[in-house]
Amino acid sequence: MAARVDLYNSAYSNYESEVYRQVRIETYGQDFGQTSWVTTEESREIPQILQLEASSSVLEVGCGSGRYALHLAETVGCSIMGLDVNAPGIDNANQLATTSGVAARARFEQCDVSKGLRYNDETFDAVFANDVLCHIPGRLNVLCEILRILKPGGRMLFSDALVVGGMISHEEIATRSSIGYYVYSPPGENERLIEQAGFGQIRVTDTTESASCIAKQWHRAREKRKNELVAVEGAVNYEGLQAFLSCVHNLTAERRLLRCLYSADKAR
Ligand SMILES: C[S@@+](CC[C@H](N)C(=O)[O-])C[C@H]1O[C@@H](n2cnc3c(N)ncnc32)[C@H](O)[C@@H]1O
């Protein structure tokens, strides 16, 4: 088995570090504090897919560093709540919120989403989760919770980079899963669960190719800064993360693992 590798603690604790910022810019183009496979193009499409407006009340599940949620509050003018189980992520998000001009409209809380969402029915206009639901057991329950807290006519979006598209060895599964708990989905399962939860208007976009590019760019950007990153993360974790990123690149380039973006509506 591949040893456990840390991605999120080091990414969020070192968010302000110049070397981590450079890696993000070289990987994604625009820095939203990402630790995911979301391209800048997808980041720009999300507000349109969710039909966000200044009056929208939005929940981001698995907000990580919080930077993307704050970007939405700044550019769209919506109110946003960000949840993540990772304490350094939420600390970073709250610090960024304090120094941003939108602290009154953006809030962040540490929360394990697998334990449910403690909001009243029909609270949000939109809920989204970028590359997060793969980490959470009980996907149908999570989707039912999202439906419950959405207002009638509300929209949800999530991406899943762990849709199995072909044969994968046990070593590859171990390396791909080395950064945490993961659930792999058979093709069609997300669509079935979204429908079973009660959503309509299901739309699916295959983004496997762009996930493969992000993994390659991320690996390369880190390799160029190996000495600085080893000084922060340690050699073992640095090599573990590089192996993880190579594995993501290979599996997605060969379409043995697929990444799809799902969006759906709650009936009016
Ligand atoms: C791939 S990262 C994506 C972060 C962010 N959405 C982005 O695009 O950069 C997955 C995030 O899910 C969070 N996460 C994992 N399990 C969770 C759980 N049970 N409840 C809430 N957040 C969770 C992790 O801490 C991490 O920040």
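A polar contact is taken here as a pair of N or O atoms within 3.5 Å; within protein, one must be able to donate a hydrogen and the other to accept it, and residues adjacent in sequence count only if both atoms are side-chain atoms. The model is predicted, with local features requiring pLDDT of at least 70 and side-chain atom pairs pLDDT 80 or more, while totals for chains, interfaces and linings use all residues. Residues are numbered from 1 along each chain as its sequence is written, and side-chain values rest on heavy atoms, without hydrogens or water.

A backbone N or O atom of Val 113 lies 2.9 Å from a ligand nitrogen atom. Ligand oxygen atoms also take part: one is 2.6 Å from a side-chain N or O atom of Tyr 12, and one is 2.8 Å from such an atom of Ser 36. Of the ligand's 590 Å² of exposed area when taken alone, the protein buries 92% (Shrake-Rupley method, 1.4 Å probe).

Around the ligand are 19 residues (a heavy atom within 4 Å), and Tyr 12, Ser 36, Gly 62, Asp 84 and Asp 112 come nearest. By class, this shell comprises seven nonpolar, eight polar and four charged residues (Asp, Glu, Lys and Arg count as charged; Ala, Val, Leu, Ile, Met, Phe, Trp, Tyr, Cys and Pro as nonpolar; the others, Gly among them, as polar).

Turning to the aromatic side chains, the structure holds nine aromatic pairs (ring centres of Phe, Tyr or Trp, the last by its six-membered ring, within 6.5 Å; planes under 30 degrees apart are stacked, over 60 edge-to-face, the rest tilted). Trp 37 and Phe 244 form a tilted pair, 6.2 Å centre to centre with 35 degrees between the planes. This pair links distant parts of the chain, 207 residues apart: Trp 37 is in the loop between helices H2 (18-28) and H3 (40-49), and Phe 244 is in helix H11 (235-253) (DSSP runs numbered from the N terminus; helices H or I, at least four residues; strands E, at least two).

Finally, the backbone: Gln 51 has a positive phi, near 55 degrees, and is placed in the loop between H3 and strand S1 (57-61).
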